[in-house]
Amino acid sequence: MKYIVLGLGHFGRSLGIHLTELGHEVIGADRNLSIIEQLKDKITHTVCLDTTDREAVSSLPLKDAHAVIVAIGEDEGASLMTVALLKQLKVKRIIGRIVSDLQKTVLEAMEINEYIMPEEEAAERLAMRLDNIDIVDSFKVSDKYSIVETKVPARYVGMTLREANLTNLYKVIVLTTVKITETKKDGVTKEQKEASGIAASETIMEEGDILVVFGELSNINKLIQKGE
């Protein structure tokens, strides 16, 4: 897949490097030439440009990108201007970085529903989610184990956890299932998650549910890939 990362500070460079290592084509852009030089061998492509300049941003292959991530954190004004510009250019998927409640409110007003907080591990988590569209979110427990939110694979819809036998087949543990509901307020649609409690052998996996799974990431990926 192809991704464009705008802003190569600590978060942006970490995301760009992770995605490149996962085998994706990444274009990283920043106005600081020295940063571009530092990362030219670590990110697929790097380019020096002002992300608030319409002509400069228009020169990027926006239509070919699976997502454009605005990773600017230090300059909230530049970040919001960049998002607004991408909206004008009709970019199909924009993921914004937020560093304040006000910035979050403005993004929601612009109907940007995908955004990330500047957590220390957020770049790695986002890279994992972009690498596999069935992963909703993830949390690294240790070097070996992770907790991952993933959509219920189609072949398991309607089955109980006992019938699916995921622990024996894939060496993973389903901690809970989560249902997603949509609410609309002031014209803005928001998704709300509600966990069903600790999963039991008779828990039924329904279409649209999310599984919260614990195990080794390689085994979780096998569950996702073979369960499609």
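Predicted model: local features only at pLDDT ≥ 70, side-chain atom pairs only at ≥ 80, totals over all residues.
1. Extent of helix 4. Helix 4 covers residues 76–88, 13 residues in total. From its first C-alpha to its last it reaches 18 Å, which is close to the 18 Å expected at 1.5 Å a residue.

2. Ends of helix 4. At the start of the helix, a side-chain oxygen of aspartate 75 comes to within 3.2 Å of the backbone nitrogen of glycine 77. Following the helix is lysine 90, which has a positive phi, near 60°.

3. The buried residues in helix 4 are Ala78, Ser79, Leu80, Thr82, Val83, Leu85 and Leu86. An α-helix has 3.6 residues a turn, so residues three or four places apart point the same way.

4. Helix 4 against helix 5. The two axes come within 11 Å and cross at roughly 10°. Because angles under 35 degrees count as roughly parallel, helix 4 is described as roughly parallel to helix 5. On the helix 4 side, the contact is made by Glu76, Ser79, Leu80 and Val83; on the helix 5 side, Gln103, Val106 and Leu107 take part.

5. Aromatic pair. Searching the whole structure gives one aromatic pair. Its members are tyrosine 145 and phenylalanine 214, with 5.4 Å centre to centre and 15° between the planes, and the arrangement is stacked. The pair links distant parts of the chain, 69 residues apart: tyrosine 145 belongs to strand 8 (residues 145–151) and phenylalanine 214 to strand 11 (residues 210–216).

6. Accessibility of the pair. Tyrosine 145 has a relative accessibility of 30% and therefore counts as partly exposed. Phenylalanine 214, with a relative accessible area of 24%, is likewise partly exposed. Buried would require a value under 20%.

7. Aspartate 209. This residue is located in the loop between strand 10 (188–198) and strand 11. Its relative accessibility is 4%, so aspartate 209 counts as buried. With neighbours within four places in sequence left aside, aspartate 209 is in contact with Thr150, Lys151 and Val152, with Thr177, Val178 and Lys179, and with Ile204.

Methods:
Residues numbered from 1 in each chain as written. Heavy atoms only, no water. Helix = DSSP H or I, 4+ residues; strand = E, 2+ residues; numbered from the N terminus. Expected span 1.5 Å × (residues − 1). Buried < 20%, exposed > 50% of the residue type's maximum accessible area, 1.4 Å probe, protein only. Polar contact = N/O pair within 3.5 Å; in protein donor to acceptor, adjacent residues only side chain to side chain. Phe/Tyr/Trp six-rings, centres within 6.5 Å; stacked < 30°, edge-to-face > 60°. Axes fitted to C-alpha atoms, helices over the stretch in contact; angles between N-to-C directions. Parallel < 35°, antiparallel > 145°, perpendicular 65-115°, else oblique. Contact = heavy atoms within 4.5 Å.
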